[in-house]
Amino acid sequence: MDIVLSGIRSTGKLHLGNYFGALKNFVKMQHENRCFFFIADYHSLTTHPTPADLHGSVKQVFAEYLACGIDPEIATVFIQSDLPEVSELYLLLNMNAYVGELERTISFKDKVRLQPENVNAGLLTYPVLMAADIIIHKATKVPVGKDQEQNLEMTRKFAKRFNHMYKVDYFPEPTAYNFGETLVKIPGLDGSGKMGKSEGNAIYLTDDPTTIRKKVMKAITDSGPSKKNQEPSESIKNLFTIMEAVSEEETLNYFKDQYNNCTIRYGDFKKQLAEDTIRFTDPFRTKFEDIYSNSTYLRKLVTDGAEKARLSASQTLKDVREIMGFKAF
Ligand code: TRP
């Protein structure tokens with residue numbers, strides 16, 4: 001059984017693309033592995049959120065993940081900053097991480113370009129903190145997107161270096177967890193590319209029905225098919241892909257036939273897509289609101305999650321301190 005760990009950015013709400021991308025797989029994966037999910041709030045400090053924003057987003061993200069079906073009874077769900085062991089391991093790992101190699105990472109160079117006024121040391125050592133997150137639980141598999149692959153490679157490097165420097169076989173080298181075929185890419189509503197927060201083309205799981213209707217009705221279409229069985233344009237293909245994800249197969253086939261016969265009316269098509277999206281996201285919204293508004297429940301989950309996560313974290317730290325030569329007098 002693998003130990004799977006995933007760090008969640010504490011910025012941004014979940015949209016349909018996230019759901020069909022990773023979330024659905026996380027929910028499944030938790031039954032097959034020992035899973036750790038945590039909200040990376042320390043990492044978010046590298047971009048200097050206000051204290052209110054920091055707390056607000058952590059709460060939002062926490063409730064959203066649970067609403068999607070991550071089960072805190074099965075997986076260990078926690079907040080990064082609730083584990084003081086992580087910051088201690090980060091400090092220790094920093095001593096064996098070299099400024100040169102950190103400066104060369106793509107994500108650091110990107111950040112220097114993006115926020116030249118705020119090139120803080122936390123940005124430079126971001127991969128070290130991420131490595132601490134992962135190896136503190138001796139995770140073997142980490143589901144990461146393309147943009148995080150280098151960070152995972154750095155984690156392997158730090159784990160290997162630790163083992164080598166102290167002549168131990170202590171940390172496993174984690175590899176990427178690949179969802180393979182099951183990853184469904186959901187396109188955006190703007191006719192091109194995938195759904196994304198920064199693209200402004202997303203349907204959020206917490207969007208209310210009115211907002212969803214508005215967004216879907218505004219989605220880009222074309223002037224309609226002019227001959228039978230015509231290859232649909234990118235924008236229409238995209239709407240069919242979303243429909244495939246949220247609607248019944250019958251509905252999808254009905255509109256595909258209409259398209260192929262040139263009888264489709266995009267207004268009706270989008271109305272149906274909007275209603276099916278609302279129906280699909282409805283249980284999520286209900287569950288989210290229940291969790292989000294229940295502070296007592298949230299507090300209990302966060303506390304229990306931290307307690308569970310600290311079990312493996314404190315054991316690792318105890319071992320690491322000993323390996324590195326810290327001894328009681
Ligand atoms: N860097 C990751 C991201 O931006 C978040 C993250 C932090 C993470 N620590 C992690 C992901 C550990 C996986 C494992 O998405």
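## Cysteines and the ligand shell

The disulfide count here comes to zero, taking a disulfide as a pair of cysteine sulfur atoms within 2.5 Å. This is a predicted model, where local features need pLDDT of at least 70, side-chain atom pairs count only at pLDDT 80 or more, and totals for chains, interfaces and linings use all residues. Residues are numbered from 1 along each chain as its sequence is written, and side-chain values use heavy atoms, leaving out hydrogens and water.

- Cys68 is in no disulfide, and the nearest cysteine sulfur, that of Cys35, sits 15 Å away.
- Cys68 has 10% relative accessibility, so it counts as buried (under 20% relative accessible area, 1.4 Å probe, protein chains only).
- Cys262, at 30%, counts as partly exposed (between buried and exposed, the latter being over 50%).

- Tyr126 puts a polar side-chain atom 2.7 Å from a ligand nitrogen.
- For Asp133, a polar side-chain atom lies 2.8 Å from a nitrogen of the ligand.
- Gln148 has a side-chain N or O atom 2.8 Å from a ligand nitrogen.
- On its own the ligand exposes 360 Å², and the protein buries 95% of that (Shrake-Rupley method, 1.4 Å probe).

**The shell around the ligand**
- Elements giving two or more residues to the shell are β1 (3-9), β2 (34-40) and α8 (126-135); helices (H or I, at least four residues) and strands (E, at least two) are DSSP runs, numbered from the N terminus.
- The largest share, four residues, comes from α8.
- Residues around the ligand (a heavy atom within 4 Å) include Leu5, Arg9, Phe38, His43 and Met130.

Conventions
Polar contact = N/O pair within 3.5 Å; in protein donor to acceptor, adjacent residues only side chain to side chain.
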